[in-house]
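Hi,

Here is the structure I promised to pass on. Have a look, and then read my notes on what turned up.

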Amino acid sequence: GVSSFNQFIHELSLESDTSSIDYSSDDSNLDETYPASPSSHGSRSPRTSFPINNAWHWTDLMACILSLILLPARLLLWMPFLVFRLLNIWGSKTSSDPGNPHLRNFHSFRNMHTTKDHVVNRSIDRRRGVVEDLHLAIEIFIEAIFDMLHKTVHCVLSPSSAFRIFRKLFSSASAGVKDVDNDVLNASIPPVTLGDKDPAPTERNPTLHHALNTDARTCKDIITELGYPYEAIHVTTADGYILLLERIPRCDARKAVYLQHGIFDSSVGWVSNGVVGSSAFAAYDQGYDVFLGNLRGLVSRGHVDKNIPSRKYWWFTVNELGTKDVPAMIEKIHEIKTDELKMIQPDEETNDEQPYKLGAIAHSLGGAVMLMYTVTRLIEQKPHRLSRLTLLSPAGFHDETIFILTVAHYFVVPLGPILAFFVPALYIPTRFFRMLFNKLARDFHNYPALGGLIQTVLSYTFGGDSSNWVGVMGLPHYNMDDMPGLSLGVIHHLAQVKWKGKFVMYDYGNASANMKAYGSPVPIDLGEYYSLIDIPIDLIAGRKDKIISAAMVTRHYKLMKDASVNVSYKEFEYGHLDFTKSNQEDILAYVMSRLLLVEPALKHQSSQKKTLKLKKKGQASS
């Protein structure tokens, strides 16, 4: 075991920026400042306490000869490790050279190494990747082999010495003591630890340690580590799915915000940039009660039926997200806020007016889901509880998509239901492969050349989208315990949207099924009902977004403008994932400025109390 002082030094070195630390120090200063650890005692102990025989023996000469004979094999085993190290050095020099013409290619990848861009990476850096694990395993394997060879040669060439060692081992086994030959080592080092009366200071107690050295933090871990309050609320939908509604509570606030993620995402995306660059923390700091929604579609498969088959769990479309998940969570928010404000202000007048204002921010598929929720509630003449919608690159129109998505859409439309029978969803199926993915993402961070290559390949694959793809892969919600998946039903629905060229609800394939679901033989075209929208809408698009292009967001804007909706439109020079996964101050400032347009609900006193005050005022005047 190690002393608590060593543990503190180890954690401190992980918390700090090692590139700016000077490790050179004087031994005398070290003795005056810190208590010595066991290793430091050993390094400064007088040589007389280690009676080691320094005289050369003929067995040592034979061991050296054997080492020289095996030197080529050792070099051969070390070659892969040497290649990885050279690759890392070359990548580091490339990324540090300001005049390098290739620097622009890795610009989006390098952004995630700054503290400002990803506070999560500060903790993710504690993990080892696959390359580092292989490196460590090779080192241990080589050292073990040569240590075994050395001891074997020593025992063969010096049988008397080996006999004495074995005799001492067997003779001391009964007493429970294992002694080492005095000719090799005879030292006793007292351990020095910091007791409970002098605890080691720590910055905070992060929950990063996980099996196999991976990062499996949750949204709760990130929020609480940064010192914010947290509350978890489990919501059950009408069809039995159990959703996690997370909250950064401000119970007395009369303004709240609901944040909704998109595809292959979760609530972690809204807090992944830390205190400075995350929408959730920015909204809380502005006085909002913050709610983080999580849609159905996790590998853990939360459902009231614990034995629900995988195929049955994963068969859902965008319809279920917009008409089941979001209504359940927003009604839960309404229930919580109404009860809390009633307890805080018991004399408040109770009427049909909502005692708080609820804004919503959504990204990508989450934007389409929020639009579907709002329109369908208005069609059904039910309250949607919202005061404003801010949509970041919302889905809904997909006429213009990159080549790979176009091919996938036209392939999925006729074969979607058949494919769903064999592959109900897209996700990493086993814990081992999720762990491998987590560690590979760590390698992409550790080795700039490798990370830059992956960033470039993914960028070209997705039509030149400049999003920080490598940074997103390193987020902790892609871990060996759980991860968000993508249902084939959702993919089939989006393919239908592209095929029809309209923002339509799911087409069940026959008139009778559509009639049962919508009351008409064809699915509802949500764009035709934009005239019902009675709240302000803010649309935000990215000029470098190739997943949902600015032209597709503009189609929402034109339809809303023609329907006399109070809508605004803004473009930024960013990719699709930069709206939530990168610390972009201009985007965050604009989103918060639109959110702050929602005025908090006014406090209403009871009519009895008002009458009492009026009577008192009248008596005073008379």
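Helices here are DSSP runs (H or I, at least four residues), numbered from the N terminus. This is a predicted model, where local features need pLDDT of at least 70, side-chain atom pairs count only at pLDDT 80 or more, and totals for chains, interfaces and linings use all residues. Residues are numbered from 1 along each chain as its sequence is written, and side-chain values use heavy atoms, leaving out hydrogens and water.

First, the pocket. A pocket is an open set of points on a 1 Å grid over the protein atoms alone where a 1.4 Å probe fits, with protein on both sides within 12 Å along at least five of seven lines; lining residues have an atom within 4 Å of a point. The largest one is lined by 34 residues, with I263, F264, F462, W469 and L486 nearest its centre. Helix α16 gives the most to that lining, with 4 residues.

Next, the packing of α16. Its partner α20 lies with the axes 8 Å apart, at an angle of about 130° (axes are lines fitted to C-alpha atoms over the stretch in contact, and angles run from 0 to 180 degrees between N-to-C directions). The two helices are therefore oblique to each other, as angles under 35 degrees count as roughly parallel, over 145 as roughly antiparallel, 65 to 115 as roughly perpendicular and the rest as oblique.

Finally, α8 (residues 130-157) and α17 (residues 431-446) pack at about 90°, their axes 7 Å apart. That makes α8 roughly perpendicular to α17. In contact terms (heavy atoms within 4.5 Å), V130, V131, E132 and D133 of α8 meet L436, K439, L440, R442, D443 and N446 of α17.

Best wishes
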